[in-house]
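Here is a short report on one protein chain and its ligand. Keep the sequence and the 3D view open as you read.

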Amino acid sequence: NVNIYTYIYLSYFHFTIFYFGCLVVLIGDSGVGKSNLLSRFTRDEFNLESKSTIGVEFATKSIELKNNKIIKAQIWDTAGQERYRAITSAYYRGAVGALLVYDITKKNSFENIEKWLKELRDNADSNIVILLVGNKSDLKHLRVINDNDATQFAKKEKLAFIETSALEATNVELAFHQLLNG
Ligand SMILES: Nc1nc2c(ncn2[C@@H]2O[C@H](COP(=O)(O)OP(=O)(O)OP(=O)(O)O)[C@@H](O)[C@H]2O)c(=O)[nH]1
Ligand SMILES: [Mg+2]
């Protein structure tokens, strides 16, 4: 039983996907740095006191792929907080790629990757490209997830893996490019 507003909203949503083409989602626990990865990539900005995302935010950026094709990537930054789960999972459908982010200093955020992966596999298209991202690599003294464990896990789940720092701008560009080049 779909009311008119839902209909308008869904039309708009599908139009934007059609128009912009490349849709990428950022997912992972609250506080892992998704919004800062996005602001670093699209505006070269970082915020030490960023607020937790409410629902979903988005940004676009034109990038040149390996084959010299220029695409406009549309990036949806989803809220990590549990209470927004019903809204955010609606955005997985239609995405060509997902950055699955954890925080290298938070054991929980890495353990929850399996849960996020299941969310993705239940809701996204089956051919979606997924990149596992260990963010905050600048916090070397606080690291609890070593990159070996993450590499093993990524291998087991057939994901690509990269470590980033939104703060130091390490590998951020590379992560998005790697994802979009498939
Ligand atoms: N040291 C360091 N801190 C970071 C990095 N990326 C993000 N942060 C900090 O981590 C906190 C959370 O970052 P956000 O980008 O808001 O996290 P989020 O994943 O978007 O969180 P939700 O919107 O609640 O899902 C902020 O205080 C950021 O400044 C990083 O690479 N290094
Ligand atoms: Mg956020």
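## Overall build

Helices (H or I, at least four residues) and strands (E, at least two) are DSSP runs, numbered from the N terminus. By that count, the chain has seven helices and six strands. Along the sequence they follow the pattern α-β-α-β-β-α-β-α-α-β-α-β-α. The radius of gyration, taken over C-alpha atoms, is compared with a globule rule of 2.2 Å times the number of residues to the power 0.38. The chain's radius of gyration is 16 Å, close to the 16 Å that the rule gives for 182 residues, so the chain is as compact as a globular protein of that length.

This is a predicted model: local features need pLDDT of at least 70, side-chain atom pairs count only at pLDDT 80 or more, and totals for chains, interfaces and linings use all residues. Residues are numbered from 1 along each chain as its sequence is written, while chains are lettered from A and ligands numbered from 1 in the order in which they are written. The C-alpha atoms fill a box of roughly 55 × 40 × 35 Å, taken along the principal axes.

## The sheet

Two strands pair if DSSP finds at least two bridges between them. Six strands form an open sheet in the order β2-β3-β1-β4-β5-β6, with mixed pairing. β2 and β6 are the edge strands, and each pairs on one side only. From one strand to the next, the twist averages 25 degrees. Strands β1 and β3 run parallel and are joined by five bridges. V25 stands opposite W76 in β3.

Contact between residues means C-beta atoms, placed from the backbone, within 7 Å. Axes are lines fitted to C-alpha atoms, for helices over the stretch in contact, and angles run from 0 to 180 degrees between N-to-C directions. Helix α5 (residues 113-123) packs on the sheet and touches β1, β4 and β5. Its direction makes about 165 degrees with that of β4. Helix α6 (residues 147-156) lies across β5 and β6, at about 160 degrees to β6.

A residue is buried if 20 or more other C-beta atoms lie within 10 Å of its own, exposed if 12 or fewer, and partly exposed in between; C-beta atoms are placed from the backbone. Helix α2 is mostly covered, with seven of its 10 residues buried. These are K34, S35, N36, L37, L38, R40 and F41. They pack against β1, β2, β3, β4, β5 and α7. After α2 comes D44, whose phi is positive, near 55 degrees.

Helix α2 (residues 34-43) also gives the most to the shell around ligand 1, with three residues. A residue is near a molecule if its C-beta atom, placed from the backbone, lies within 6 Å of it. Of the 23 residues around ligand 1, S30, G33, S35, T53 and G80 come nearest. The shell has six nonpolar, 13 polar and four charged residues. Here Ala, Val, Leu, Ile, Met, Phe, Trp, Tyr, Cys and Pro count as nonpolar, Asp, Glu, Lys and Arg as charged, and the others, Gly among them, as polar.

## A closer look at I162

I162 lies in strand β6 (residues 160-163). Why does I162 count as buried? I162 has 21 C-beta neighbours inside 10 Å. Not counting residues up to four places away in sequence, I162 touches L131, V133, N171, L174, A175 and Q178.

Conventions: Two residues are in contact if their C-beta atoms, placed from the backbone, lie within 7 Å.
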